[in-house]
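Q: Could you walk me through this one? I'd like to start with the overall layout and then get to the packing.

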Amino acid sequence: MTEEVVSSKPVKSFRKGALVKVNRKAYENSLEAAASDQVFPEYIFKGPGELLVVKGEYGQVRWRLPVPDVWLRIDQLEEWS
């Protein structure tokens with residue numbers, strides 16, 4: 001018998017080079033937000049950030065500002081428009 005693991009969260013598929021921004025609601029209630037500064041920079045919610053690498057459920061995002069690249073969970077990202 002084999003058991004299939006069903007994830008309750010839908011998996012978003014982003015590719016390298018995609019332009020993204022952070023979903024405020026998903027990020028503010030996350031463990032990553034609790035481990036970061038209390039005041040979040042607005043540029044992460046406005047975008048665009050470029051997705052450099054996708055590894056598992058995390059993606060490395062580079063912003064078009066002189067700030068460090070960051071790793072965020074894919075479910076905290078949304079397509080920039």
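A: A word on terms before the layout: helices (H or I, at least four residues) and strands (E, at least two) are DSSP runs, numbered from the N terminus. On that basis this model, which is predicted, has 3 helices and 5 strands, and from the N terminus on the elements run β-α-α-α-β-β-β-β.

Q: And in what order do the strands sit in the sheet?

A: The sheet is open, with the 5 strands in the order β4-β3-β2-β1-β5 and antiparallel pairing. Its edge strands are β4 (70-73) and β5 (77-79), each of which pairs on one side only, and neighbouring strands are turned by 50° against each other on average, if direction is ignored.

Q: How many bridges join β1 and β2?

A: There are 2 bridges between β1 and strand β2 (residues 49-55), which pair in the antiparallel sense; within this region, V20 stands opposite G49 in β2.

Q: Switching to packing, which residues have the most contacts inside the largest nonpolar core?

A: That core has 13 residues, and those with the most contacts inside it are F14, V22, Y27, I44, V61, L72 and L77. The elements that give two or more residues to the core are β1 (19-22), α3 (43-46) and β3 (58-63).

Q: What is F14 in contact with, leaving aside its neighbours within four places?

A: Beyond those neighbours, F14 is in contact with V20, L51, V54, I74, L77, E78 and E79.

Q: What share of the chain is buried?

A: Buried residues make up 27% of the 81 residues, while the accessible surface comes to about 6200 Å², of which 53% belongs to carbon and sulfur atoms.

Terms used. Residues are numbered from 1 along each chain as its sequence is written. This is a predicted model: local features need pLDDT of at least 70, side-chain atom pairs count only at pLDDT 80 or more; totals for chains, interfaces and linings use all residues. Side-chain values use heavy atoms; hydrogens and water are left out. Buried means under 20% relative accessible area, exposed over 50%, partly exposed in between (1.4 Å probe, protein chains only). Accessible areas come from the Shrake-Rupley method with a 1.4 Å probe; for residues, only the protein chains shown count as cover. A nonpolar core is a set of buried Ala, Val, Leu, Ile, Met, Phe, Trp, Tyr and Cys residues joined through side-chain atoms within 4.5 Å. Contact means heavy atoms within 4.5 Å. Two strands pair if DSSP finds at least two bridges between them. Axes are lines fitted to C-alpha atoms, for helices over the stretch in contact, and angles run from 0 to 180 degrees between N-to-C directions.
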